[in-house]
Amino acid sequence: MSDPVEEIVPESSAKDQRDYSSSSSTDGDDFRQPTNDKSHLFGRQKPVHAALGGGKPADILLWRNKQISAGMLTAATVIWLLFEWIGYHLLTFICHSLILTLAILFFWSNISHFVNKTPMEFPEIILPEKLWTQVALLLRDRFNWAFALFWEVASGKDLKKFLYTILALWIVSIVGSWFDFLTIVYILFVMMLTVPWFYEKHEDQVDTYAQKAKKELKRQYSHLDEKVLQKLPKVPFVKDSKQQ
C-alpha cells in the first residue's frame with residue numbers, strides 16, 4: 001500500500017509544481033509587460049492613434065485619410081492667404097462665398113431642365129440636438145474649470161502655481177505680439193495636422209529627447225526652488241482670515 005501512495009504523491013506534487021511554474025511564468029510576463037522602461041511623452045501608455053481618441057478624427061490628424069487631411073490643410077492655407085495677403089475681411093468672405101454657392105445652385109437647377117438632367121436634390125440638414133448639447137456641456141465644463149483655476153491661483157495659497165501662471169501668460173503675450181490672432185489660429189491648426197503625424201513617425205527619437213529635456217527641467221527647477229522659492233516668505237493671511 002505504501003508504493004502506490006509514494007507514486008501518487010510525487011506525481012501530483014510534480015503537476016502542481018509545473019502548474020505553479022507555468023502560472024508564475026505567465027504572471028511574470030504579465031507583470032513585466034506594463035512595467036516598460038520606455039517612457040513615452042506625457043506619460044502616454046496607449047498608441048498614438050488610440051491616445052487621440054481613435055476613429056475618423058485620429059485618422060485625419062495622423063494622415064491615414066490623406067485626401068481629407070490634405071484638403072483641410074489646403075483650405076486653411078487658402079483662407080489664411082486670403083485674409084493676410086489679399087486683405088480679405090471675414091464678413092466679405094462669407095457673403096462672397098454664399099453668393100457664389102447660391103448662384104451655382106440656382107443656375108444648375110434651371111439649366112438642368114434644358115439639358116435633360118435631373119435637378120439637384122438638396123439634402124435636408126438638421127443639426128442633431130444631442131451633439132450640440134454635448135458641445136455646450138463640454139464648453140461649460142471647460143469654462144468652469146478655467147474660472148476655478150483662476151480663483152485658485154489668485155487666492156494666494158500656492159506661490160509656485162502663481163509664478164507658473166504668470167510665466168505662461170507672459171510667454172503667450174510675447175507670442176501674441178509677434179502674430180495676429182488669425183495667424184496664431186492658422187499656426188495651431190497646422191501644428192495640429194503635422195505634429196501628431198511627425199511624432200508617430202519618429203516616436204522613439206522624440207521620447208528620448210523629451211525624457212532628457214524633462215530631466216534637465218527638473219534639475220533646473222530644483223536649483224530654482226532651493227535658491228529662490230524656498231527663501232520667499234510664506235503668506236499666512238488667507239488661513240488667518242478664515243479662522244477669524
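**Close-up 1. Packing of helix α4 against helix α8 in the predicted model.** Helix α4, which spans residues 66-84, packs with helix α8, residues 181-201, at an angle of about 165 degrees, and the axes of the two helices lie 11 Å apart. Because an angle over 145 degrees counts as roughly antiparallel, α4 and α8 are therefore described as roughly antiparallel to each other. The crossing in which α4 passes α8 is left-handed.

**Close-up 2. Residues at the contact of α4 with α8.** From α4, the residues Ser 69, Met 72, Leu 73, Ala 76, Thr 77, Trp 80, Phe 83 and Glu 84 meet Leu 182, Thr 183, Tyr 186, Phe 189, Val 190 and Leu 193 of α8. By class, the residues of this contact between α4 and α8 comprise 10 nonpolar, 3 polar and 1 charged.

**Close-up 3. Packing of helix α6 with helix α7.** Helix α6 (residues 129-154) and helix α7 (residues 159-178) pack with their axes 8 Å apart and at an angle of about 120 degrees, and α6 passes α7 in a left-handed crossing. On the α6 side, Leu 149, Glu 152 and Val 153 meet Lys 161, Phe 162 and Thr 165 of α7, and the residues of the contact divide into 3 nonpolar, 1 polar and 2 charged.

**Close-up 4. Spans annotated as "transmembrane region" in UniProt.** The unreviewed UniProt entry lists residues 90-111 and 163-189 under this feature. In the model, residues 90-111 are 100% helix and 0% strand, with their end C-alpha atoms 32 Å apart, whereas residues 163-189 are 93% helix and 0% strand, with their end C-alpha atoms 29 Å apart.

Note on methods. Residues numbered from 1 in each chain as written. Predicted model: local features only at pLDDT ≥ 70, side-chain atom pairs only at ≥ 80, totals over all residues. Heavy atoms only, no water. Axes fitted to C-alpha atoms, helices over the stretch in contact; angles between N-to-C directions. Helix = DSSP H or I, 4+ residues; strand = E, 2+ residues; numbered from the N terminus. Left-handed = near helix turned anticlockwise from the far one by under 90°. Contact = heavy atoms within 4.5 Å. Nonpolar A, V, L, I, M, F, W, Y, C, P; charged D, E, K, R; others polar. Parallel < 35°, antiparallel > 145°, perpendicular 65-115°, else oblique. UniProt positions renumbered as here; feature names shortened; annotations may be inferred.
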